[in-house]
Amino acid sequence: MVTPIGSMLSREEYLGAIAAGHMRYLSWEPGEIAVRLHGDAAVLRYQAQLEINFGGQAVPRSRYWHIDSYERREGRWQAVWSQATAIR
């Protein structure tokens, strides 16, 4: 995952931060999701409004563009890349 501030987090780092309470989503509201499907790969693009607490610091509710890519592996869709960009 590439965060809105440009940090890269592995799956383990991202899920670990959530499990440890270092990253807490207070709200997450996606808008319309556009999907491009190519065989066993898909790319999603959407805006979402979210509010998060990161490392004990509140990040006010803001809008972000999200681009997520998925691959179908053994019949299941898995997220493989994700990027969020703040909308100013």
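The paragraphs below lead through a predicted model, from its overall layout to an aromatic pair, a surface patch and a pocket.

The C-alpha trace spans about 40 × 30 × 20 Å along its principal axes, and of the 88 residues in the protein, 18% are buried.

A pair of aromatic rings is described by the distance of the centres and the angle of the planes. In this model the count comes to one aromatic pair, and its members are Trp-28 and Tyr-46, whose ring centres lie 6.1 Å apart and whose planes meet at 75°, so the pair is edge-to-face, given that planes over 60 degrees apart are classed in that way. Because Trp-28 belongs to strand 1, residues 23-30, while Tyr-46 belongs to strand 3, residues 41-54, the pair ties together parts that are 18 residues apart in sequence. How exposed or buried are the two partners? Tyr-46 is buried, having a relative accessible area of 6%, which falls under the 20% limit for that class, whereas Trp-28, at 39% relative accessibility, counts as partly exposed.

Trp-28 also takes part in a feature of the surface. Together with Leu-15, Ile-18 and Tyr-25, Trp-28 makes a nonpolar surface patch of about 350 Å². Helix 1, which covers residues 11-19, and strand 1 are the elements that give two or more residues to this patch. Trp-28, found in strand 1, is thus named both in the edge-to-face pair and in the nonpolar patch.

The remaining feature is a matter of empty space. Rolling a probe the size of a water molecule over the atoms shows where such space is left. The largest pocket holds about 1000 Å³ of space, and its lining is made up of 34 residues, among which Met-1, Thr-3, Tyr-14, Tyr-25 and Ser-82 lie nearest the centre of the pocket. Which elements supply at least two residues each to the lining of the largest pocket? They are helix 1, strand 1, strand 3, strand 4 (57-73) and strand 5 (76-86), and the largest share, eight residues, comes from strand 4.

Key:
Residues are numbered from 1 along each chain as its sequence is written. This is a predicted model: local features need pLDDT of at least 70, side-chain atom pairs count only at pLDDT 80 or more; totals for chains, interfaces and linings use all residues. Side-chain values use heavy atoms; hydrogens and water are left out. Rings of Phe, Tyr and Trp (its six-membered ring) pair if their centres lie within 6.5 Å; planes under 30 degrees apart count as stacked, over 60 as edge-to-face and the rest as tilted. Helices (H or I, at least four residues) and strands (E, at least two) are DSSP runs, numbered from the N terminus. Buried means under 20% relative accessible area, exposed over 50%, partly exposed in between (1.4 Å probe, protein chains only). Patches are made of residues with over 30% relative accessible area and no salt bridge: like charges are joined within 9 Å, nonpolar side chains (Val, Leu, Ile, Met, Phe, Trp, Tyr) within 5 Å. Accessible areas come from the Shrake-Rupley method with a 1.4 Å probe; for residues, only the protein chains shown count as cover. A salt bridge is a side-chain nitrogen of Lys or Arg within 4 Å of a carboxyl oxygen of Asp or Glu. On a 1 Å grid over the protein atoms alone, a cavity is a set of points where a 1.4 Å probe fits but cannot get out, and a pocket is an open set with protein on both sides within 12 Å along at least five of seven lines; lining residues have an atom within 4 Å of a point. Grid points are joined across faces, edges and corners, and a volume is the space filled by probe spheres set on the points.
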